[in-house]
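Open the model in your viewer and get ready to select residues. We will go stop by stop.

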Amino acid sequence: MSERIVRARPLALIEDDLVDYEKAMESMAELVAARQQDERPDTLWLLSHPQVFTVGRRTLPEHLPDPERGIPVVATGRGGQLTYHGPGQLVGYLIVKLRPDEGVVDYVREVELRLVEALGELGLAAERRDTPPGSELLTGVWTRDTGRKIASIGMRAGRGVTSHGFALNVDGDLDPWHYAVPCGMPEVEMTSLVNEVASAPDAERVRRVVAGAFEASSI
């Protein structure tokens, strides 16, 4: 894929506020099953979660947080490694039927580019990164000027339909990121919109801009 989005992909938009992570996983599974049966359109679900660490299939035990921190750790079936969710973060679950000529990695690249587009509209120059051979995957979105990571992405596909998605740090507490090793990269520095933009947009504007970048609208 080139560094621009060349094909339209309109999505149906679902919005919620704070949803328990495990309840969200149950609902997402229902959405995926419906999409696999062509009972609903491609969908973007925007929401947030109470504090939780989620771990992918490749997460190392030494990357987990100290249990005394009191934040739950939940195993998940997505790709990627450990990430953190909490209030002040915008999570987007993408239930999308892949085209015949693309795989889930192709779609992840598209998700990165759409988030870069949204962040640019919100006043923050951002970029996706290619992974050097032998390095930890650099999936996600990074600030162009400070080199910090602002969005994490972890997805999978089953029967041609994607699940899971992205987590964009807007204005939440960044301290929990220091309790563990995010994304399998001990050296990574996580950031948020409010940490990078002098006049950070409010959460509602962030939602509207992100939904627009994904061509998502309510049905």
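Start by selecting alanine 12, which stands opposite serine 217 in strand 11. Here helices (H or I, at least four residues) and strands (E, at least two) are DSSP runs, numbered from the N terminus. This is a predicted model, where local features need pLDDT of at least 70, side-chain atom pairs count only at pLDDT 80 or more, and totals for chains, interfaces and linings use all residues. Residues are numbered from 1 along each chain as its sequence is written, and side-chain values use heavy atoms, with hydrogens and water left out.

**The open sheet**

Now select strand 1, residues 11–18. Strand 1 pairs with strand 11 in the parallel sense, over 2 bridges. Two strands count as paired if DSSP finds at least two bridges between them. Next, show the whole open sheet: 8 strands, in the order 7-8-9-10-6-2-1-11, with mixed pairing.

Select helix 1, residues 21–36. Helix 1 packs on the sheet and touches strands 1, 2, 6, 9 and 10. Contact means heavy atoms within 4.5 Å. The direction of helix 1 makes about 140 degrees with that of strand 10. Axes are lines fitted to C-alpha atoms, for helices over the stretch in contact, and angles run from 0 to 180 degrees between N-to-C directions.

Move to helix 2, residues 104–121. Helix 2 also packs on the sheet, touching strands 6, 7, 8, 9 and 10. Its direction makes about 150 degrees with that of strand 9.

**Strand 3 and its partners**

Select strand 3, residues 52–55. Val52 and Thr54 on one side are buried, and so are Phe53 and Val55 on the other. Buried means under 20% relative accessible area (1.4 Å probe, protein chains only). Strand 5 (83–85) pairs with strand 3 in the antiparallel sense over 3 bridges. Strand 4 (73–75) pairs with strand 3 in the parallel sense, also over 3 bridges. Find valine 55: alanine 75 in strand 4 stands opposite.

**The core**

Last stop: the largest nonpolar core, of 35 residues. A nonpolar core is a set of buried Ala, Val, Leu, Ile, Met, Phe, Trp, Tyr and Cys residues joined through side-chain atoms within 4.5 Å. Which element gives the largest share of this core? Helix 2 does, with 7 residues.

Definitions and conventions: Buried means under 20% relative accessible area, exposed over 50%, partly exposed in between (1.4 Å probe, protein chains only).
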